[in-house]
Amino acid sequence: LTIMLSPSETVVLALVTSFVLFGCANQNAQMQRSSYYESNKNLDVNKVSFVDDMDVLVSNIKTIKEGEFLKLMVEFVNADNGSNEDFVYQIEWYDDNGILKETTSWKYKRVVGNQKLKIVEMSTVMNIVDYKIIISTKNK
């Protein structure tokens with residue numbers, strides 16, 4: 001069975017197919033952002049702190065002990081599906097008594113829409129056991 005389509009019917013069919021595919025991809029991206037948003041609302045406020053809107057979210061955090069130093073790998077995700085999002089972050093490093101030992105300077109980053117950004121930070125003070133990430137998307 002062969003179906004012959006006119007050029008205009010072919011264009012219409014191609015457009016309908018692309019709208020259906022784009023709609024499914026967009027819905028999946030929105031569902032994923034929604035799950036990141038929910039997980040960020042449940043993050044321990046002692047680990048991640050949002051100074052203002054949650055326009056940049058944390059999708060993954062890993063800690064690695066390197067000798068006497070603590071290394072932190074953080075994955076940020078853009079909460080918006082299309083536009084770039086600028087933000088600043090800093091990390092506070094704590095010892096086993098909960099005393100703040102070091103704070104990084106504010107660092108500027110940009111996450112492209114629908115993308116993730118990974119950063120790696122390491123304490124410069126020995127015997128750090130805990131951290132807090134502070135994120136701000138205002139007045140970058």
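**Salt bridges and the strands that carry them**

Tutor: At a relative accessibility of 25%, Asp130 counts as partly exposed, since the value falls between the limits of 20% for buried and 50% for exposed. This is a predicted model, and the account below is to be read accordingly. The side chain of Asp130 meets that of Lys47 in a salt bridge, with an N to O distance of 2.1 Å. Lys47 belongs to the loop between helix H1 (7-41) and strand S1 (48-50), while Asp130 belongs to strand S8 (residues 130-136); the pair therefore ties together parts that are 83 residues apart in sequence. Lys47, at 24% relative accessibility, is likewise classed as partly exposed.

This contact belongs to a set: the structure holds seven salt bridges.

Three strands form an open sheet in the order S2-S3-S7, and their pairing is antiparallel. Strand S2 (56-66) and strand S7 (116-122) are the edge strands, each pairing on one side only. From one strand to the next, the twist averages 15°. Between S2 and strand S3 (residues 69-78), the antiparallel pairing extends over 10 bridges. Within this sheet, Ile61 stands opposite Val74 in S3.

Glu75 and Lys116 form a salt bridge whose closest N and O atoms are 3.6 Å apart. Because Glu75 lies in strand S3 and Lys116 in strand S7, the pair ties together parts that are 41 residues apart in sequence.

Another salt bridge joins the side chains of Asp86 and Arg110, with 2.6 Å from N to O. Asp86 is in strand S4 (residues 85-94) and Arg110 in strand S6 (residues 107-111), so this pair ties together parts that are 24 residues apart in sequence. Asp86 counts as buried, because its relative accessibility of 19% is under the 20% limit. Arg110, by contrast, counts as partly exposed at 44% relative accessibility.

How values were computed:
Residues are numbered from 1 along each chain as its sequence is written. This is a predicted model: local features need pLDDT of at least 70, side-chain atom pairs count only at pLDDT 80 or more; totals for chains, interfaces and linings use all residues. Side-chain values use heavy atoms; hydrogens and water are left out. Two strands pair if DSSP finds at least two bridges between them. Helices (H or I, at least four residues) and strands (E, at least two) are DSSP runs, numbered from the N terminus. Axes are lines fitted to C-alpha atoms, for helices over the stretch in contact, and angles run from 0 to 180 degrees between N-to-C directions. A salt bridge is a side-chain nitrogen of Lys or Arg within 4 Å of a carboxyl oxygen of Asp or Glu. Buried means under 20% relative accessible area, exposed over 50%, partly exposed in between (1.4 Å probe, protein chains only).
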